[in-house]
Structure formats: structure tokens, C-alpha cells
Amino acid sequence: MRAGANSTVSPSQIGGLRMASEVIRPHVVGFLDRMLKEQGSTLRVEEIEVDASSKWAGTALHDLNLKGQYNLLILGLTNRGTGGDSDLIINPPDDAVVPSQGVIIAMGDMKDIQRARQAARA
């Protein structure tokens, strides 16, 4: 932390969590592996930043219709202005409002995520 790092990474801890996950939920691990490693797939979990000037700021997720418009699955919603992840909403309800300086965490094809990013900037 004194050197300017925001967090640390422990390969031993990551490996242990991975092995435990393989045993406890092998289908989930298989899904994530396939999503990330398949050559022809561009399915990713990504961030869509929403600035204060965006028309998305202050809008409820159901009004944005990100599944219908962009084929995106919304996994989380947070406010990057707070600097912490204590305000992270995992699997936010449809009536959750996108904050100014918000970040939408979504899963989808990269071309759809790019289209959503462009719309969020407009």
C-alpha cells in the first residue's frame, strides 16, 4: 500500500479458491472458463460508465431496457464517485436508478457492450 498499490494478489489464494469452486460448482466454473477462453466468443463481463451529463444518469434500469435494446444482462450497479465498493448492488432490481458517475456491470457480447457505451455517452 505504501508503494501505491490499491490491492494485492495472492496466487496461492486464487488457486485455492479456484480448486474449491471446481468442487462446489463445476458448471459455473466451466461456464466462466468457456466464456473467457473460447476463441470465437466475445461474451464478456464489462463496465459501462455513466457520466453526470449522460441521459442514463438518474434513470431506472427498467426504463433503459438494456436487455431488450442491447441484449445485456445486468450483474451490478455502483457509483464510482464514492471510491469504494460498499455501494455495489449485485443483481440490482429493475427499479434501481443509475447514479450520476455510475457504473453498470453487464455481461454481453462486446459489440453490444460497445453500442451501450456509446448510448450512455450520448
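# Briefing on a predicted protein chain

The accessible surface of the protein chain comes to about 8200 Å², and 54% of that surface belongs to carbon and sulfur atoms. The model described here is a predicted one, and every value below was computed from it. Of the 122 residues in the protein chain, 29% are buried. The points that follow begin with the chain as a whole and then turn to particular residues.

**The chain as a whole**

- The protein chain has five helices and four strands, and, when read along the sequence, these elements follow the pattern α-α-β-α-α-β-β-β-α.
- Along its principal axes, the C-alpha trace of the protein chain spans about 45 × 40 × 25 Å.

**Helix H1**

- Helix H1 covers residues 11-24, and its 14 residues reach 20 Å from the first C-alpha to the last, which is close to the 20 Å expected at 1.5 Å a residue.
- Of the 14 residues of H1, the number buried is one, and therefore the helix lies largely in the open.

**The aromatic pair**

- The structure holds one aromatic pair; its members are Trp-56 and Tyr-70, whose ring centres are 6.2 Å apart and whose planes stand at 55°, so the pair is tilted.
- Trp-56 lies in the loop between strand E1 (43-50) and helix H3 (61-64), while Tyr-70 belongs to helix H4 (residues 66-70), so the pair ties together parts that are 14 residues apart in sequence.
- Trp-56 counts as buried because its relative accessibility is 4%, where the cut-off for a buried residue is under 20%.
- Tyr-70 is also buried, with a relative accessible area of 12%.

**Asp-112 in helix H5**

- Asp-112 lies in helix H5, which is made up of residues 110-121, and this residue is buried, with a relative accessible area of 8%.
- Leaving aside neighbours within four places in sequence, Asp-112 is in contact with Tyr-70, Asn-71 and Leu-72; Tyr-70 is also a member of the aromatic pair with Trp-56.

**Gly-108 in strand E4**

- Gly-108 is found in strand E4, where the residue is buried, with a relative accessible area of 2%.
- Gly-108 and Asn-71 are 37 residues apart along the chain, yet their C-alpha atoms are separated by 6.7 Å.
- When neighbours within four places in sequence are left aside, Gly-108 is in contact with Thr-42, Leu-43, Arg-44, Asn-71, Leu-72 and Ile-113.

**Two loop residues with positive phi**

- Asn-65 lies in the loop between H3 and H4, and its phi is near 50°, a positive value in a residue other than glycine.
- At 37% relative accessibility, Asn-65 counts as partly exposed.
- Gln-101 is found in the loop between strand E3 (89-90) and strand E4 (102-109), and its phi is near 65°, again a positive value in a residue other than glycine.
- Gln-101 is partly exposed as well, with a relative accessible area of 30%.

Definitions and conventions. Residues numbered from 1 in each chain as written. Predicted model: local features only at pLDDT ≥ 70, side-chain atom pairs only at ≥ 80, totals over all residues. Heavy atoms only, no water. Phe/Tyr/Trp six-rings, centres within 6.5 Å; stacked < 30°, edge-to-face > 60°. Buried < 20%, exposed > 50% of the residue type's maximum accessible area, 1.4 Å probe, protein only. Areas by Shrake-Rupley, 256 points an atom, 1.4 Å probe, with all protein chains shown as cover. Contact = heavy atoms within 4.5 Å. Expected span 1.5 Å × (residues − 1).
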